[in-house]
Amino acid sequence: MSTGKKDETEAALTGEVARGDRRKQYVVTRVLQGCAAVTIATTLAIFAVLIDNAFSFFYGQRLHEAILGATLESRVGVVEFLTGTRWAPYHAFPDYGVLPLLNGTLLITVGAAFISIPIGTATAIYLSEYASERVRGVLKPTLEVLAGIPTIVYGFFAISFITPVFIRPVFETLGFSVSFYNAFAGMVVVGIMTIPMVSSISEDAMSAVPDDLRNAAYGLGATKQEVSTQVVLPASISGILASYILAVSRAIGETMAVTLAAGHRSQMTLNPFVEIQTMTAYMVQMARGEAAMGTVEYQSLFAVGLLLFVITLSMNLLNDWVKRRYREVYR
Amino acid sequence: MSEKTVEIDVENERGETQEQDETRDGAGGNETTREEVAVETRNLNVWYGEDRAIRDINMKVPEKKVTALIGPSGCGKSTFLRCINRMNDQIDGARVEGEVLFHGKNVYDDDVDPVALRRRIGMVFQKPNPFPKSIRDNVAYGLKIQGKTDSLDERVETALRQAALWDEVSDQLDGSGLDLSGGQQQRLCIARAIAPDPEVILMDEPASALDPVATSKIEDLIDDLSRDYTVVIVTHNMQQAARISDKTAVFLTGGELVEFGDTEKIFENPESQKVEDYITGKFG
Ligand SMILES: Nc1ncnc2c1ncn2[C@@H]1O[C@H](COP(=O)(O)OP(=O)(O)OP(=O)(O)O)[C@@H](O)[C@H]1O
Ligand SMILES: [Mg+2]
């Protein structure tokens with residue numbers, strides 16, 4: 001190589017242009033890192049505040065005060081909180097067993113999953129494998145609208161329509177007694193609310209399955225139904241399971257709709273026709289009540305909130321695990 | 001795709017096929033030799049939306065022979081191939097006019113179930129597309145959906161032997177089909193296509209992504225297959241067409257079938273100047 005060519009190359013690789021590009025790269029990288037850091041910091045801050053305050057529910061002092069040397073008084077035992085079956089903060093003899101609230105939350109979540117998972121999956125299969133371009137063009141935006149309705153509207157829909165027009169007439173004729181606020185209405189609205197989540201994430205996963213695989217099956221004389229269930233579903237299972245987990249997390253954290261639909265009576269029950277209270281509904285009730293900050297009633301908010309946080313966090317971890325375990329095997 | 005359950009109405013069992021006689025085919029019959037015809041197209045046209053991809057194709061695919069389709073890119077070879085087993089049904093906006101006769105029955109008749117048709121006309125695609133399943137399950141898939149589940153393992157083995165893959169995979173049948181090399185995957189796809197014992201096998205550039213060794217294995221395989229099966233193969237490789245086929249169809253840009261006849265004649269003494277130019281590399 002001649003020296004002229006060498007110098008020229010060196011100039012191009014190290015010169016002003018290259019240096020300018022690298023500076024720009026550096027700035028862009030830092031800005032993006034900064035944004036990512038903000039979200040991480042927020043999460044950590046929320047977690048810290050929850051722990052700090054929840055500590056005072058159990059021990060009378062916040063965690064940071066305790067660390068600074070304040071004397072602890074035992075208010076509610078952790079075991080009592082986690083295993084107690086009576087939740088009655090306002091009672092003359094208050095009890096702080098969280099199981100009735102957990103019971104309420106799980107009742108709603110499981111009921112909602114029985115609605116959102118089958119309907120959402122079927123919708124996804126229909127959209128991805130059966131629907132014509134035209135039908136898809138109508139159905140997808142409709143589902144997006146469904147996903148965009150404020151949850152308080154779903155709550156009103158439950159008490160003004162689902163309970164009086166559907167649940168009560170149907171189940172009272174069948175001999176059940178249905179209260180005005182009931183878990184069933186909560187299940188139905190939360191179920192409906194999370195259908196779009198299941199259907200759109202599952203559909204994305206199914207649409208990502210290469211057509212080559214479908215053609216392979218069609219070419220062997222598979223029917224559309226065989227292609228959907230034997231080829232597309234297994235190939236997109238990781239995305240589909242992820243959609244279920246997200247829908248369940250959403251149902252666990254859902255607040256306004258269940259507060260309105262299912263009510264405020266914490267109790268241990270599997271009967272969907274009575275009034276119940278979920279963890280979130282309790283938090284709404286307490287946050288807007290008269291209890292003063294620092295009192296054990298008020299601080300119970302943070303204990304319940306922390307439990308909720310831990311549950312949704314574990315759902316996220318489960319999601320990660322499922323994704324790794326069942327990652328799409330096609331390339 | 002419709003889910004009709006009507007079986008494709010083909011009277012002839014495998015092996016005894018209709019004789020082609022001159023009085024019956026008026027249109028398009030430029031072959032005068034008496035030959036058993038597996039598939040015949042009459043004035044076949046395909047549109048994608050407003051664009052016509054193939055024009056008035058009249059062709060007779062002989063039974064238990066290898067027919068090669070050659071021509072420049074975009075001339076409609078794949079489109080033609082997909083008409084034969086109605087895989088075009090899967091494509092939005094594709095419209096077919098004319099007839100594709102499979103042993104005399106028009107496969108586009110309303111009472112024909114494309115699912116049943118595809119069970120008799122198998123297909124191998126350009127890109128190897130094994131299922132993300134084990135090698136065994138890949139080969140067995142067609143057998144299972146077609147209800148041919150008796151002596152499944154034997155059928156799987158036979159198909160893998162026919163596809164010249166058995167020796168390489170016999171000890172890893174439960175391994176994933178995706179862990180094979182590209183050439184092995186393609187032979188796996190061929191095994192999968194022949195396992196349910198179709199009559200016709202359509203191949204769309206089955207060797208285009210393969211190295212010369214894998215390609216020659218597949219060519220040998222096609223030669224073997226033509227003893228039992230009717231093979232229609234699209235290829236971009238002129239030498240390959242000359243080596244493996246009995247008949248050659250030359251499509252040229254615009255979707256026209258310019259010349260169709262014995263491979264030897266097409267390559268040595270084509271009637272059309274355009275075909276000669278294409279084959280000798282002056283055009284296309
Ligand atoms: N799915 C499709 N939608 C719309 N147009 C298509 C589609 N498939 C093919 N075409 C058009 O039809 C014509 C023929 O395409 P085809 O794939 O049959 O050609 P080909 O001969 O197989 O080409 P190649 O050798 O590159 O595979 C082309 O003009 C192509 O653009
Ligand atoms: Mg092609």
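These legends describe close-up views of a predicted model.

**View 1. The contact between chain B and chain A.** Chain B brings 26 residues to the contact, and chain A brings 20 residues. Together the two chains bury about 1900 Å². Carbon and sulfur atoms account for 60% of that area.

**View 2. The salt bridge between chain B and chain A.** One salt bridge is counted between the two chains. It pairs the side chain of B:Lys127 with that of A:Asp212, at 2.8 Å from N to O. Six residue pairs are in polar contact between chain B and chain A, with both residues at pLDDT 80 or more.

**View 3. The side of chain B that touches chain A.** Four elements of chain B each supply at least two residues here: helix H2 (114–120), strand E6 (121–124), helix H3 (135–145) and helix H6 (182–194). By residue class, this side of chain B holds 14 nonpolar, five polar and seven charged residues.

**View 4. The shell around ligand 1.** Ligand 1 is surrounded by 13 residues. The closest are B:Ser73, B:Lys77, B:Ser78, B:Thr79 and B:His236. Helix H1 (residues 77–84) of chain B gives the most to this shell, with four residues. The shell divides into four nonpolar, six polar and three charged residues.

**View 5. Polar atoms beside ligand 1.** The side chain of B:Thr79 places an N or O atom 2.4 Å from an oxygen atom of ligand 1. For the side chain of B:Ser73, the corresponding distance to a ligand oxygen atom is 2.5 Å. B:Gly76 takes part through its backbone: a polar atom there lies 3.0 Å from an oxygen atom of ligand 1. On its own, ligand 1 has 630 Å² of accessible area, and the protein covers 61% of it.

Definitions and conventions:
Residues are numbered from 1 along each chain as its sequence is written. Chains are lettered from A and ligands numbered from 1 in the order in which they are written. This is a predicted model: local features need pLDDT of at least 70, side-chain atom pairs count only at pLDDT 80 or more; totals for chains, interfaces and linings use all residues. Side-chain values use heavy atoms; hydrogens and water are left out. Contact means heavy atoms within 4.5 Å. Buried area is the accessible area (1.4 Å probe) that two parts lose on being put together, summed over both. A salt bridge is a side-chain nitrogen of Lys or Arg within 4 Å of a carboxyl oxygen of Asp or Glu. A polar contact is a pair of N or O atoms within 3.5 Å; within protein, one must be able to donate a hydrogen and the other to accept it, and residues adjacent in sequence count only if both atoms are side-chain atoms. Ala, Val, Leu, Ile, Met, Phe, Trp, Tyr, Cys and Pro count as nonpolar, Asp, Glu, Lys and Arg as charged, and the others, Gly among them, as polar. A residue is near a molecule or strand if one of its heavy atoms lies within 4 Å of it. Accessible areas come from the Shrake-Rupley method with a 1.4 Å probe; for residues, only the protein chains shown count as cover.
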